[in-house]
Amino acid sequence: MALTFQTVIGLEIHVQLATKSKLFCACSTDYIGARPNSNVCPVCLGQPGSLPVVNGRAVELAVMVGLALGSTVQQATRFHRKNYFYPDLSKDYQISQYDLPICAGGRLSFRDDDGVEVSVAITRAHLEEDAGKLVHPSADGRLAGARYSLVDYNRSGVPLLEIVSEPDITSPAHARRYTEEIRRLVRCLGVSDGDMESGSLRVDANISQKVSDGRWGSRVEIKNMNSLRSLERALEYEVKRQRKVLGEGGEIRQETRHWDDGEGKTRPMRGKEEAHDYRYFPDPDLPPLIVESDRLKGIAAVMPELPWQAESRLVSAYGLSDDDAKIFAESADTVAYLDGCIRAGADPKRAANWIRTEVLRVLNEQKIDLATFTLEASDLASLLALVDGGKLSTTAAKDVFDVMVRDGVALEPAMTASGVTAGLVEGSQLEDIADKILAENEEAVEAVRSGRDPKGKKVKFLQGLIMRETRGQADVAQVEDLLRRRLI
Amino acid sequence: MELFECSAADLARAVREGAHSVAEIVEVHLGRMDRLEPVLSAIVTPLKDEARARAAALDIALARGENPGPLTGVPVIVKDNFCTRRIRTTCSSRMLENWIPPYDATVVSYLERAGAVLIGKANMDEFAMGSSTEHSAFFTTSNPWDPSRVPGGSSGGSAASCAAGYAPLTFGSDTGGSIRQPAAFCGIYGFKPTYGMVSRYGVVPFASSLDQIGPFARTLEDLLLAMEVIAEADEKDATCSRALRPDFRKALDVTDLKGKRVGLVREFEGYDIDGPIVDALARARAALLDAGATVVDVSLPTVSHGLACYYIIAPAEASSNLARFDGVRYGLSAEADSLIDLYHRTRKAGFGPEVKRRLLTGTYVLSSGYYDAYYNKALKVVAILRDEFARAFGEADVILAPTTPTLPFRKGENIGDPIKMYMSDLFTLPANMAGLPALSLNGGYSDGLPVGIQLIGPRWGEMEIFSAAAVLEKALGAPRLAGGDL
Ligand SMILES: [Zn+2]
């Protein structure tokens, strides 16, 4: 009988917390593009005699994630030292959490690509400090072959929240979805920018296979997956590799493997396989961290709406489609903008439609976010009210929208600037426009009058020109009627 | 009376009243240092130029009518594990022989703010591991009462230089007795505050949960003045209390101890203690009774396990604290072919034998499989010891005890026998393990050697200790200046 396999995956996600200063000192966390070793101080450089002091904001952000995942937020927690030698580790120990993580337990539920509900148990989420970065001056940027290495400690001490899942994940696609949901959560909470490419969100995976003949393949840790796509690809590759080895009666070596995105392969990491004894012990420089229940309540009170909560509210309260709701719930800012529009009187579906197509387009083009977007939700609502009231055509409204965004002006001046007036173009104004168009298109007019337009194509053409001249602000029936009279 | 014989309080007063310039005071103390240093070897880095420049600046400020602070013009010396900006900080180790910190320890900046003049950095046992300064990588300091003997350690240079009049106030760190034992050996006051009373920021740690910074002085008033300057909250040290500190010098007004209970630890009776120390304890006991105190027996049944537990916890923390000396960022960096080689060669060349011994012990007791048997068990003993002290302080307001089991020993006498060397911490380390304040004070002299005794108080019970000390100073006299015949 052919063997069957079951994939078992657990994920460790390191989320870089969006605090202004580092976890144990006042240095800036803004290291991207900074001159090497410019955001450093005695503490994050591990200078002898320096001492750590916990950043309260990092604790709050960790608590928010814990509350969102339904974890038990420990009121008394502590930090341990994880001892190992490496040049990017400025003290040759990392301050982390061990037996009392700030968040214990929890659960994350989501729908997979087929719409099936999946639930993954969370083991823990704990605070720890990031290490610096090694820079290898060899040609290929690797350690091997380099005569020396440089260390940049700008990242040293940046706060991380490590979220560890139970091995509940059964496929690479589910691993990707789980990671997407974590990313959505931390973005929505404002806890992290969740950017995998820049390393704000780092995923390590533990993956193994259970074989139908009762064998268990060893657990393999996969590192260096810098995007959701590479996460899924790496795990798919690893599933195939492990199944092939096990299928041929071989054994899986327990090891750490490195995903090579270019080659599309995982490879054993060299020289990192010695068993580590981290000699964890409670850091005597840091007294137990007490999160008082008042503080916990305070954090709970200012928790934003969670993505999955927003998603179901947008469907039930505003009648949005599941797909639209999901797009909006991706970011708390977008949800707030939509809420603002609707509160200012806009029709929910029209507002959702405009934000999704027009607002997000502009944000994309200008590479900005809603925080720096000049058009207030209420301004958009008043523009949409004119459309709803039949006072502005969609075409005209888009012109006005563009001016409002471009010049950062309110509705009235934007309408003046784009030469649009609210309400229908009709009566003598419409007649003047029609006469002008007819005068400019004598050939077409002549063709119609002499009966050479049996299918009415030329009439439609003239009608289109008039509509365009009025920016859609004329009533089509009125235009047709006018043309019929003029072209007899 | 020579200026170097004066107390810090008198010097600060003289400066304030314009009787002496800071330059004059500093010059006299530098001269004292120059004269005795060939015999004592207490200083790793003298700071003559820096001190003279600072004195001149202070004199100008004073001439402008400014009063920079309560220690204005007072020469001070700190142990060479206090980080000093732009001044090398060696910890008496080859590892940091040429290390120049980019920042000041909090205590150093508090002293500077108070107007003190730093005139030197004192010798110590390497990384504060030792009881004699014989484990300094550079040289052994001599006891100013008998240069053939050790000054104690690890803050031996600080104790010897204060006792001999290089400066009226010096500072050290105390992990298991490193202030009190040398204070006893050199015949002066040495105080270890309650854990969390003084900021540890910028003092290169030995064992973070036990280390505490404290002063040496030749008068109680100076000791309390120093405490008022250094015992301040510090947001850079999470273990440093934010509470307000008492006005320590109020204790100087205490003349009687009516209603106070002085505890004697029953378990300490069983130890072999030198006769002159027993006699000094008896004199102190009589003086305290005279002042109206009562004497009670207290019991610390677990105290006999203290030494063993201390030599698990302290090395464990040290093994992690000293990991950073790897040749990558600062200090000694050996020529090497690979990263591992760099670690091996740097640490082999940079650390002395006692440091290596403790790092090996510490690494061992934290290793998986041994953690519970050693480190965790030691922590449990500490918890019990703390409870026992708490109970004892329900029955007594202050405990009177020996500081050391012996008078100052001769150089070389214990160097080959680590256990015997460790035994000199027997009576001091319980206070570190329980986080308690403890003072060593001079209880008299025997054949020209000073005899130290100890007062231990409850947590944050500094004033209990200082009140008893005020009575004892009146009855037994203040310490004498050492080195008169050198
Ligand atoms: Zn820093």
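Contact here means heavy atoms within 4.5 Å. On that basis, 39 residues of chain B are in contact with 31 residues of chain A.

A word on the source. This is a predicted model, where local features need pLDDT of at least 70 and side-chain atom pairs count only at pLDDT 80 or more, while totals for chains, interfaces and linings use all residues. Residues are numbered from 1 along each chain as its sequence is written, chains are lettered from A in the order in which they are written, and side-chain values use heavy atoms, with hydrogens and water left out.

Now the interface. The two chains bury about 2,700 Å² between them, that is, accessible area (1.4 Å probe) lost on being put together, summed over both. Carbon and sulfur atoms give 59% of that area. Ser320(B), Arg324(B) and Arg329(B) supply 21% of what chain B buries against chain A, more than any other three residues.

Next, charges. There are 2 salt bridges between chain B and chain A; the criterion is a side-chain nitrogen of Lys or Arg within 4 Å of a carboxyl oxygen of Asp or Glu. One of them joins Arg200(B) to Asp285(A), at 3.1 Å, N to O.

I count a cavity as a set of points on a 1 Å grid over the protein atoms alone where a 1.4 Å probe fits but cannot get out. Volume is the space filled by probe spheres set on the points, which are joined across faces, edges and corners. The structure holds 5 cavities of 30 Å³ or more.

Methods
On a 1 Å grid over the protein atoms alone, a cavity is a set of points where a 1.4 Å probe fits but cannot get out, and a pocket is an open set with protein on both sides within 12 Å along at least five of seven lines; lining residues have an atom within 4 Å of a point.
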